[in-house]
Amino acid sequence: MKTFKELREFNFNKAVKSGYLDDADKPILKQIEKTHKIVSFMLSSEGYELRVKCKKTGKVKDYVDKNPQLVLRKAKEDLK
């Protein structure tokens with residue numbers, strides 16, 4: 001049985017199945033995951049929200065936009 005923490009972790013395949021992301025977004029996510037951990041990726045009233053946590057420092061950053069691909073691009077550019 002999975003724990004609550006395991007159920008809340010980001011899963012790329014579930015995001016694709018839900019329609020939030022495309023298979024073409026996988027390389028961008030791989031690049032982000034090299035230095036950061038994806039805490040959450042969800043749809044809210046403000047738009048798509050991506051929350052990442054730095055593996056070294058533990059700082060959390062949030063990115064919000066109306067388009068999920070734009071959220072990923074913003075995070076990719078900011079986290080370089």
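A salt bridge is a side-chain nitrogen of Lys or Arg within 4 Å of a carboxyl oxygen of Asp or Glu. The exercises below apply this rule to a predicted model, in which local features need pLDDT of at least 70, side-chain atom pairs count only at pLDDT 80 or more, and totals for chains, interfaces and linings use all residues. Residues are numbered from 1 along each chain as its sequence is written, and side-chain values use heavy atoms, with hydrogens and water left out.

**Exercise 1. Describe the sheet and the helices that pack on it.**

Step 1. Helices (H or I, at least four residues) and strands (E, at least two) are DSSP runs, numbered from the N terminus. Two strands pair if DSSP finds at least two bridges between them.

Step 2. An open sheet is formed by 3 strands in the order β1-β2-β3, with antiparallel pairing. Its edge strands are β1 (36-44) and β3, each of which pairs on one side only.

Step 3. Strand β2 (residues 47-54) pairs with β3 over 6 bridges; E49 has V64 in β3 as its bridge partner.

Step 4. Helix α4 (residues 68-78) packs on the sheet and touches β1, β2 and β3. Here contact means heavy atoms within 4.5 Å.

**Exercise 2. Is D65 buried or exposed, and which side chain does it meet in a salt bridge?**

Step 1. Buried means under 20% relative accessible area, exposed over 50%, and partly exposed in between (1.4 Å probe, protein chains only).

Step 2. D65, found in strand β3 (residues 60-65), has a relative accessible area of 16% and is therefore buried.

Step 3. The side chain of D65 meets that of K74 in a salt bridge (3.0 Å, N to O). K74 counts as partly exposed, at 39% relative accessibility.

Step 4. Leaving aside neighbours within four places in sequence, D65 is in contact with G47, Y48, L70, V71 and K74.

Note on methods:
Axes fitted to C-alpha atoms, helices over the stretch in contact; angles between N-to-C directions.
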